[in-house]
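Hi there,

Here is the structure I promised to send over.

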Amino acid sequence: MNERLVILLSYEVIDFHCDALYKMQFDSGISFSQDSRLDVDLDKLIKGGVQIQTFAIYISERLGPARFHHVLDQLDIFNKKVAGAGVRPLCWGEDLDQLRQVNQPLGLLSIEGADGLEGNMQYLRIAFEQGVRFLGLTWNFANWAADGVMERRGAGFTNKGLELISECHRLGITLDISHLSVQGFWELVDMANKAQKPFIASHSNAYQICAHPRNLRDDQIQAIIEMDGRIGITFVPYFVKAGGSVQIHDLIRHIEHICSLGGSGQLMFGSDFDGIDSYITGLENPGCYPSLIGELLRYYPETLVKSWLFGNAESFLRTHLPKRKKTL
């Protein structure tokens, strides 16, 4: 192993989005320890230096209408297969103090789309008790809480959705707007600022660079910067570049644009591995993070690169993960 590769492998990474759980829900034979059917497995996380990985609970339309038992199924998969393979669940702010004391990655849990909560706040509280710390309010379309970004009417939140936001704020579940409609985004900005509960876009890029509806407009990016939320640069090729092959250096344009708006302190990464079926060349799984790191270091100082890979996400987690309640 050459000296440069050794140096690149020493960088720590936090990745805020992958969909490995739903793949394992459909194929019980998949092993999280090492399996070619997964983009994200334990072996690849270790190779890429990923210290913290967020696992999304995404309920595929192939299962029919989303139900809470589908959410519970994926929570069970996380506990048995992911944690069982050696990924330590990350639930509380205090757990971050163990990050470098244990030689294994940590795993965060997110729900991608509130559909499976069925409008039931008790289900939300159960999910929180089971370790869910982030909630993506919608997938692309409408659900009982809000409209997604691909819903033609482009509405915001329902009354039940407003109740959901308040309960998430109370519990300490951070909201994720990566699939939310534009109207919903601005409604949530008002509520988040009043509650002093910043939100994240776990896997979204810059619309100004690639005009896909899932990417963020400049005013949205600036609103997230102003509240000190976080924006996870994602590796979905058609969110990076419209047409043609996509290379690692194409991501740089999104990073540069967000930085030009003042967002260097809010950038992080949210790959969307296992939620995609095409890849940026040379960035096909988390084991390829050293290639991304090498490209970033061509353009930016090491301190800045480290903040995007790890520091910005870690500081957000230290501030906004709930603290373990003391018992008498």
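Predicted model: local features only at pLDDT ≥ 70, side-chain atom pairs only at ≥ 80, totals over all residues.

The axes of H5 (residues 121-129) and H6 (residues 159-171) come within 11 Å and cross at roughly 30°. Angles under 35 degrees count as roughly parallel, so H5 is roughly parallel to H6. The crossing of the two is right-handed.

Leu164 turns up again in the largest nonpolar core, which has 86 residues. Leu164 is among the residues with the most contacts inside that core, together with Phe32, Phe55, Leu135, Phe199, Phe269 and Leu296. Helix H4 (residues 68-85) supplies the largest share of this core, six residues. There is also a second, separate core of 16 residues, with Ile52, Leu96, Leu106 and Leu108 among them.

Beyond its neighbours within four places in sequence, Phe269 is in contact with residues including Ile14, Phe16, Ile233, Tyr289, Leu296 and Trp308.

Most residues other than glycine have a negative phi. Glu118, however, has a positive phi of about 60° and lies in the loop between strand E4 (106-112) and H5. Gln196 has a positive phi of about 55°, in the loop between helix H7 (182-195) and strand E7 (200-201). Glu118 is partly exposed, at 36% relative accessible area, while Gln196 is exposed, at 68%.

Best wishes

Conventions. Residues numbered from 1 in each chain as written. Heavy atoms only, no water. Core = buried A, V, L, I, M, F, W, Y, C linked by side-chain atoms within 4.5 Å. Buried < 20%, exposed > 50% of the residue type's maximum accessible area, 1.4 Å probe, protein only. Helix = DSSP H or I, 4+ residues; strand = E, 2+ residues; numbered from the N terminus. Contact = heavy atoms within 4.5 Å. Axes fitted to C-alpha atoms, helices over the stretch in contact; angles between N-to-C directions. Parallel < 35°, antiparallel > 145°, perpendicular 65-115°, else oblique. Left-handed = near helix turned anticlockwise from the far one by under 90°.
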